[in-house]
Protein chains: 2
Amino acid sequence: MQSLIDAGFKGGIYPVNPKDGEAFGARIYTSVLDIPDTVDYVISTVSAQCAPQLVADCAAKGVKAIHFFAAGFSEIEDEEGKQLESEIIRLARQSGIRVIGPNCMGLYCPATGLSFAVNLPEQSSFPKQSGTVGLLSQSGANSTYCIREASARGVYFSKAISYGNASDLNEADFMEYLTYDPATKIITAYVEGVKDGPRFARALKVASKAKPVIMFKGGATGNGVRTAASHTSAMAGSDSLWDSVLRQAGAIRVYSIEEIVDVVSLFLHMSPPKGRNTAIIGWGGGAGVKAADECSNAGLILPVLPVEIRQTLKNIYGTEAGLIFGNPVDVFRLTGSEKLVDSIKVIANSDQIDLLIIYVSFDIFSLTDGKDTIKTYVESILRLNSVVDKPIAVVLDSHPTDRSKWLASEAHVRLSEAGFPVYPSITRAADAISKFIQYHQWHQRNSETDD
Amino acid sequence: MQSLIDAGFKGGIYPVNPKDGEAFGARIYTSVLDIPDTVDYVISTVSAQCAPQLVADCAAKGVKAIHFFAAGFSEIEDEEGKQLESEIIRLARQSGIRVIGPNCMGLYCPATGLSFAVNLPEQSSFPKQSGTVGLLSQSGANSTYCIREASARGVYFSKAISYGNASDLNEADFMEYLTYDPATKIITAYVEGVKDGPRFARALKVASKAKPVIMFKGGATGNGVRTAASHTSAMAGSDSLWDSVLRQAGAIRVYSIEEIVDVVSLFLHMSPPKGRNTAIIGWGGGAGVKAADECSNAGLILPVLPVEIRQTLKNIYGTEAGLIFGNPVDVFRLTGSEKLVDSIKVIANSDQIDLLIIYVSFDIFSLTDGKDTIKTYVESILRLNSVVDKPIAVVLDSHPTDRSKWLASEAHVRLSEAGFPVYPSITRAADAISKFIQYHQWHQRNSETDD
């Protein structure tokens, strides 16, 4: 209830508990049946054993939908849980009630003020800001994690649905809902297993034709499949089958919640690159060698810069030792704001380069001059939006010291807010960009086939 | 000079600069030749152009070794750099002077007070504490990063060597040195390329027979190889060749500085597991499903716990909903200290389990009860050392909120200090453990062959 109030829920809220009294200034009703108004939606925190009685009450009251938080249903080993789940679904279907869950967190919809954030004194509730990303998640903890990770990186949601055991409304229903929801422009999903494989595959195909679909499949190995069964009673299915279902639909497969946000950031903040030719500009040395390896491993191409561009860079910087004009271009160490922006413009203008990765490392060298150096970097990058028309991603690498992490995190917030896709490492950026390019190539190919 | 003073260097320090005067209370000499005492070791910050004159002066003075910080030698495109490097080496060899670098950070040896930490007001110098880990790193930034990352996780060094262009003393010399250095029990290395492949392969083989060798090879792809050449003029060599050289030596190959520390932590804090059968105990739900997948991908086995152990766990916990007694075992959410220790003891006693991963997530649930819950977890884990004799690793997962990160970091320090190998994610722990087991199996097999 605190969560709904914090989120500014716009409808009436009626607490129900066998013990009457008051909660948050509202009268507590001892039964759903005693509520004087009509009730659309019930959020239930009763235990599995009490659930059938609640459904019966809701049916008598004319409730349209119930969300069950409680675990203890089909996901547990005992037969009783499975029977209880069948029973609530049987009762709900008799009276046309739709069920979300059980064993889940339910709905987050900032526009209407629905939320399931667990509020803590030192932890903020979910953002009130609406975004264009829809999320369906079989795991409650993963949905919470995803919402918090995304908002820390400037990514916001239209709706998030944590649906647990999917006993009535399931992943295919929610996928269809998000497909036709005009507030949702990008669909993200954490799914452990599906109730009806062919139906979900069809829903996924339709969804992916309409908007980008980014999916993290839990339970990819034998151990994961078994664990998914005891977590949400999910039938996880074979991993190679999932791979082809996702590929045939043109959806993007990712392997963590962080990676969901990595890829979403590109759909929100980057125009599709024309190809895979990448220039890395920034921090060099051993970090540059690793950056080159990691981009190659992700399938990006780092062409050697044309001779005339290398010469222009040398004219800008002089022949100071320690700079590298290959690709990665190592120019950050000694550079002022003007030189940096000029050199990035020169590189971006090459028709051999499709996209740029700006790589700032909050390491000892950049810290030597204190905070001003970082400020120069950040302000130079902020200026790029107006002078460079190639896709740009930013990587902010931090050293394992508090100060370095704090500076990186401050820069991250400023650059995210300015509309840059920002990553904590080259690998994360390169993997996301590679999938982003692949997505656009796939859909371009397939729309041509359709014509 | 500040760095040496901070590190408590035990010998005399003589600043040299064409402008005389005082530095840190010591007289500045205008030439090496003016120093009244004998000089063993010169740390040079002169530019590449001035380096030959310095070597000539050092030869006249009878100096034994010089470390050159400066870049601008064989790693740059201009022919002049290569000529300067040849020249200093020619002069040094004439007079028996050994050279470290150029284009590197030099030596860190806490026991004698040698250090190259760049000291900043808000950033600590390198640890004064000696450890048993030796490091040789072709990259200066990577060596600094490794020392800072390691000490943040309770791992300390005997000696670290940043050697850059390896113009005289090279990776094979330093590998041999660490092999026979009694203070070094574990050798770690970041290498971009080698001067003499067959010699380094032999040195690696001898080293790996004597102590664990953990190596991060920079320049594994075409782009990385090219970047390594402009970074330290290294000939990086083919990646598959490197793979076989490392495999045939029984060395451990890793792919980042963090992974060096991940693996070292096991050699310092874990006894070798008898096999790959792993129990994960702790946080479940979607995180448990992901944990199971990631362990499987790393090559660890998660056996289903025997029926009698599952029954014992049910007796300890009752049949509270939301708990999962499979493997991963999800018991953290509701547990007190006694129950947790008891259940871990039961699982550790199974002869089907070779090692344990304790998985604490600093997520919303564990935070709901505030800091006391975390304290209970940490204290329970601290008690395990005395009651469980199977290898244990700890994973501390944090949510993207400041409070969650802070709690995880506090717990990390306490558990590292108590001698647990601690990781920020299941993937990182599982990958390191898998390599650790493989290392012991390889060396067991090969020592049998030798007998």
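Student: In this predicted model, how many residue pairs are in polar contact across the interface of chain B and chain A?
Tutor: The model is a predicted one, and the pairs counted here have both residues at pLDDT 80 or more.

Student: Which element gives the largest share of the side of chain B that touches chain A?
Tutor: Several elements of chain B give two or more residues to this side, among them α4 (140–152), β10 (213–217), α7 (222–232) and α10 (285–297). The largest share amounts to 10 residues. The element that supplies this share is α10(B).

Student: By class, how many charged residues has the side of chain B that touches chain A?
Tutor: The contact takes 65 residues from chain B. By class, 26 residues on this side are nonpolar and 26 are polar. The charged residues number 13.

Student: What area do chain B and chain A bury between them?
Tutor: The size of an interface is often expressed as the accessible area lost when the parts come together. Here, 61% of the buried area lies on carbon and sulfur atoms. The area that chain B and chain A bury between them is about 5100 Å².

Student: What kind of axis relates the two copies?
Tutor: Two copies of a chain are related by a rotation about an axis and a shift along it. Chain B is superposed on chain A by a rotation of 180° with 0.0 Å of shift along the axis, at an RMSD of 0.0 Å. The two copies are therefore related as by a two-fold rotation axis.

Student: Which C-alpha in chain B is nearest the axis?
Tutor: The axis in question is that of the rotation of 180° which superposes chain B on chain A. The C-alpha of chain B that is nearest to it lies 5.8 Å away. This C-alpha belongs to B:Lys405.

Student: Why do the copies meet through the same surface?
Tutor: The contact takes 65 residues from chain B and 65 residues from chain A. The copies meet through the same surface because the interface residues of chain B are also interface residues in chain A to the extent of 98%.

Student: How many residues apart in sequence are the parts that A:Lys64 and A:Asp40 tie together?
Tutor: A:Lys64 and A:Asp40 form a salt bridge, with the closest N and O atoms 2.9 Å apart. A:Lys64 lies in the loop between α2 (51–61) and β4 (65–68) of chain A, and A:Asp40 in the loop between β2 (26–28) and β3 (41–44) of chain A. The pair therefore ties together parts whose separation in sequence is 24 residues.

Student: Are A:Glu259 and A:Lys435 buried or exposed?
Tutor: The side chains of A:Glu259 and A:Lys435 meet in a salt bridge of 2.7 Å, N to O. The pair links helix α9 (residues 257–269) and helix α16 (residues 426–450) of chain A, its members being 176 residues apart. Residues count as buried under 20% relative accessible area, and both A:Glu259 and A:Lys435 are buried.

Student: By about how many helical turns are B:Arg90 and B:Glu87 separated?
Tutor: B:Arg90 forms a salt bridge with B:Glu87, the closest N and O atoms lying 3.1 Å apart. The two residues are 3 residues apart in helix α3 (residues 79–94) of chain B. Their separation is therefore about one helical turn.

Methods: Residues numbered from 1 in each chain as written. Chains lettered and ligands numbered in written order. Predicted model: local features only at pLDDT ≥ 70, side-chain atom pairs only at ≥ 80, totals over all residues. Heavy atoms only, no water. Contact = heavy atoms within 4.5 Å. Buried area = accessible area lost by both parts, 1.4 Å probe. Polar contact = N/O pair within 3.5 Å; in protein donor to acceptor, adjacent residues only side chain to side chain. Helix = DSSP H or I, 4+ residues; strand = E, 2+ residues; numbered from the N terminus. Nonpolar A, V, L, I, M, F, W, Y, C, P; charged D, E, K, R; others polar. Least-squares fit on C-alpha atoms with pLDDT ≥ 70 in both. Salt bridge = Lys/Arg side-chain N within 4 Å of Asp/Glu carboxyl O. Buried < 20%, exposed > 50% of the residue type's maximum accessible area, 1.4 Å probe, protein only.
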